[in-house]
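Hi,

Here is the structure I promised to send over. Have a look at it first, and my notes follow below.

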Amino acid sequence: MSAMSATELTDVIGRHPAVFNRPFLTRYGKPLGVAVVAIYLVFAWNLFAVGQVFQRGNWDIAGSYLADWVSYEVRPDVEYRDGYLEVEFPRFSPLGADPKPDWLTSEMAEVTIESETKAAAPAETQAPATGFLVPGAKGTSTGFMAPGAATGGSSTDSDSGTEAPDAPERKMMPVVVDVDMGSGAAQIEPYRVTLERGGETLVVTAGADEIVRAEGPLPEWAVQRREGGKIIAYFGLDGRIEVEEDEVKIRQRFLGWENFVFDPSSPFWGLSLGEIVSLVVSGERIQPDQSNLSLAVDNFLNNAEWQHADVFIKLGQTIVMAFVGTLFATAIAFPLSFMAARNITPSFLTNQLVKRLFDFLRSVDMLIWALFFTRAFGPGPLAGISAIFFTDTGTLGKLYAEALENIDEKQREGVRSLGANPVLVQRFGVVPQVLPVFVSQSLYFWESNTRSATIIGAVGAGGIGLKLWEAMRTNADWENVAYMVLLILIVVYVFDTISSRLRGMLIGREQR
């Protein structure tokens, strides 16, 4: 094959200029786009210090919060004493008022408990003498007053020391506590803890110098972040044990949500499903004036730990907020959109005034409106309904107006040609064309506002959002957060399904 001459090459270039004379952006647009994106990512990474955020992040706490979504902890503390131990559970333990779990056993022994010596209250101070003789004053040690004699301002009591200590007591107290952690175990003695996991054993001691020491090197599942500080032993999903200088903190974790149905104060707490059914169906009344079924439902709804009734009420408020806010916005946006559409209302001034009103309402975010109305009306659903109403009036009005401006004019002209007045022209020539679109868009906003109502509720606008925020602020009720998030997901799924099917019916699509 012979090489092309310069004339032939020029001729080819002239016949195909789009191939040989492409613009700069056409030739290098893709590499430049990749380079710009890469530069932006590097800039954003440094601007927001993403690397430092990941480096400083406390991933242990984040992992604990995520674990709390699907599990719960029982947190007994074992305090060291001279020759014995004291086991304490939190006041509101998920195991009830007198917890005796089978995974924590104690070896009891009779020990002598020394009572602490209490300091006696100081003798009451008398007011100083007001006569011409002041006890202790210079020159009063002689004369008719004998040295040391009582005067009006002195006290004859000499019991200014400490009270005598109470007699020692003999009590049965734990001297050894064994803890089964599932994937490991621990044996706790006064100032000595033996930890076992995966065939490895770690012995930890704590002395009077308040220093925690490990006998031998620490295994991979134990850490001591500061020399002489507490040692934390991790047992995977089963929890952890923290050995400190004066106590041992046990954090035993169990899968599930504790006391979800009945709290420890309920007579049904701790019973199996069969026992509960038997009590409800054929058992004797627990309370003479109330059936067992009614009592069980009441105990479930008024569960002190999960507050099901309050959660359901707040969830209902959220649904009502979304529905009423969207309904009011649709009712106001519908007539205003006819005024904003240029082909419906030819007045330029009217078009611009209504469109700018829509711009103002939708340019302010729903969250900002919620904050405003919370200050105006106080916390509650009314603030949330008003925020949704204002924001959606602007957005739906704009969408409705655009739909009106794109109608088929032939149908309107046909109705007008029959001699119909302007109102009937809009009723029979315009509304049938846009009504399915209007309803479809309103249904979509109703479903979307169900989610938005949760967010604005967190700033005080009522609904389940406020309760969700309160649970998150405690940093201890993440299982309650998971419960409410799950309810929100279910509600959003249900309304999304209903909304999608109704929209499909309105625009004539068959839903599969």
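Let me start with a helix contact: Asp 310, Val 311, Lys 314, Leu 315 and Thr 318 in H8 meet Ile 464, Gly 465 and Lys 467 in H15, where contact means heavy atoms within 4.5 Å. Helices are DSSP runs (H or I, at least four residues), strands too (E, at least two), numbered from the N terminus. By class, this contact of H8 with H15 has three nonpolar, two polar and three charged residues (nonpolar is Ala, Val, Leu, Ile, Met, Phe, Trp, Tyr, Cys and Pro; charged is Asp, Glu, Lys and Arg; the others, Gly among them, are polar).

Before you read on: this is a predicted model, where local features need pLDDT of at least 70 and side-chain atom pairs count only at pLDDT 80 or more, while totals for chains, interfaces and linings use all residues. Residues are numbered from 1 along each chain as its sequence is written, and side-chain values use heavy atoms, leaving out hydrogens and water.

Now the rings. There are 26 aromatic pairs in the structure (Phe, Tyr and Trp rings, the six-membered one for Trp, with centres within 6.5 Å; planes under 30 degrees apart are stacked, over 60 edge-to-face, the rest tilted). Phe 260 and Tyr 483 make an edge-to-face pair, 5.2 Å centre to centre with 90° between the planes. Phe 260 is partly exposed at 23% relative accessibility, whereas Tyr 483 is buried at 5% (buried is under 20% relative accessible area, exposed over 50%, partly exposed in between; 1.4 Å probe, protein chains only).

Cheers
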